[in-house]
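Subject: Handing over the structure

Hi,

Here is the structure I promised to pass on to you. Please open it alongside this email, and my notes on what turned up follow just below.

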Amino acid sequence: MGEGENCIFPMEDALEMFFMFDRAGEILYANAAARSKLGYDELKNQHISTLFPNIFRRTEDGFESAFPFGDGTGHLVIYRRNLTCFPVEARIKENAGCPGTYICMANDILEREHLGREISQVREEAQQASRLKAEFVANVTHELRTPVNGILGNVRELLDNVTDARTVKTLQLVERCCGDMNRIINNILDFSKLDAGKFILEPRRFHFRSMLDYVKAQHISRITEKGLDFFMTVSPQVPEYIIGDELRIVQILNNLLSNALKFTTVGEIAVQVLRTAQVEEKAELFFIVSDTGIGIGEEDMDKLFQSFSQVDASISRKYGGTGLGLSICRQLVELMGGRIETESRKGKGSNFSFSIWVEAEEETVPKAHDDVKAVFIQMAAHEENAGQEAEGVREYGTPENREALKRRLSRLVLSVEMENWEKAEMFMETIRQLTEGAPPDVRRQILRLKMAVQKENYDKVMDEYQKLCMCDADLFS
């Protein structure tokens, strides 16, 4: 029995390759895994440099090796009997249990490296596909914009020359659809740029309150036509002029206000702006857009800012939308150094808040924290009152509900008299929601009235309206 043979460990059935060799470099033992993977019937008496020619060199005394012996592992190349090779992860150290010998344990990592190369290839292909997708989306949306703008231009030209009321209404509907299509195209383009990391902010100096007046002018007509109250308050601490991307701030506010209008039928929509911090020339502006709409359940909050996601599948069917708006808002806010959050209760309304950092000159104004505290106290009281009023409006038969119904019904009749059927349908939907808790006969009559409005039949609308008033004379008189 040669040196060390009585020191062999029971490693025959181990999955990893196991070798024992002496100071001369001669292999004393190799387990079944080593013999099988390397194609040998027996490895005993082979020199270790035969298996690892890159790190072992045969000498007169035995072998030389630059490989660090010890508990550390290294990536080596091992050769089979047919002189082909494959990579292994190996550890070589002195055999403390049998002086004068060394042990080598090696794991075949050929499959792992192959999988790693495949994963790298798949990752590269996925990145290439993503780039191609982004380019395709950008090209298609640009191509879509041309015919949409062509339709829009021709429709506006026709509107200047057409006098027939029904034709005008049809053209206005086409004009509105083209506007909606352009907004969807812009959202897709913005999302594509943000997703590709190619979106660049374009800051410039502008008058902040003039920007808010512009935003207010865009929305106040549609909000008040729906019978909602609209408030916009700005803290005196907010600078008159700031340096930031005005277009993108407007885009965020427009998106949040459009959502608030879409999901609110009674109550109010409010915007508050205040300055919460100033560090040298940088100022943090804090915006709050609140509404008394349908609200969001806590379990659905995590879906809000996900791309192509709606809180509920029925939302997109009922209210429309691509599910991109809030995702774009989140990314724009983060590009401006801020964050966007929401607080909401189902059926009680929502508060969307976001902060951004802009450049602004230091001004002689009250301390930020004093102003913030005062604004928040005022907001809290206002929101509590608004929430209570909205809750009362939704409960059929309450004084608030009675007043809201009378106001909407009078506007409905006025819209029908003026043959503004689009507004009539809008008021009709609000009336339907205000009567959800009404007795069955009232709800049935509301549906009949709604069908008459949808058919744009003036005589039928007035007939169904009279029948509705007879259902609850006190309420609808």
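Arg-112 is partly exposed, with a relative accessible area of 48%; here buried means under 20% relative accessible area, exposed over 50%, and partly exposed in between, with a 1.4 Å probe and protein chains only. Its salt-bridge partner is Glu-89, and the closest N and O atoms of the two are 3.5 Å apart. A salt bridge here is a side-chain nitrogen of Lys or Arg within 4 Å of a carboxyl oxygen of Asp or Glu. Glu-89 is partly exposed too, at 24%. Because Glu-89 lies in strand S6 (residues 85-94) and Arg-112 in helix H3, the pair ties together parts that are 23 residues apart in sequence. Helices (H or I, at least four residues) and strands (E, at least two) are DSSP runs, numbered from the N terminus.

Before you go further, a word on the source: this is a predicted model, in which local features need pLDDT of at least 70, side-chain atom pairs count only at pLDDT 80 or more, and totals for chains, interfaces and linings use all residues. Residues are numbered from 1 along each chain as its sequence is written, and side-chain values use heavy atoms, with hydrogens and water left out.

How confident is the predictor? The mean pLDDT (the predictor's confidence in each residue, from 0 to 100) is 80, and 82% of the residues reach 70 or more. Residues 1-6 stay under 50, and the pLDDT is also below 50 over residues 364-370. Where pLDDT is low, the predicted coordinates should not be read in detail.

Now the overall picture. The protein has 14 helices and 14 strands, and 42% of its 477 residues are buried.

Which residues touch the most other members of the largest nonpolar core? They are Phe-208, Leu-253, Phe-287 and Phe-354, in a core of 42 residues. A nonpolar core is a set of buried Ala, Val, Leu, Ile, Met, Phe, Trp, Tyr and Cys residues joined through side-chain atoms within 4.5 Å. Among the elements that each supply at least two residues are helix H5 (208-225), helix H6 (246-262) and strand S14 (349-359). H6 gives the most, with eight residues. A second, separate core has 26 residues, including Phe-427 and Leu-468.

Strand S14 also holds Ser-353, which counts as buried at 14% relative accessibility. Leaving aside neighbours within four places in sequence, Ser-353 is in contact (heavy atoms within 4.5 Å) with Phe-286, Phe-287, Ile-288, Arg-339, Ile-340 and Glu-341. Two of these, Arg-339 and Glu-341, form a salt bridge with the closest N and O atoms 2.9 Å apart. Arg-339 is exposed at 57%, while Glu-341 is partly exposed at 37%.

The structure holds 17 salt bridges. Another one joins Arg-432 to Glu-429, with the closest N and O atoms 2.8 Å apart. Being three residues apart in helix H11 (residues 421-434), Arg-432 and Glu-429 are separated by about one helical turn. Salt bridges that share partners join Glu-429, Arg-432, Glu-436 and Lys-450 into one network.
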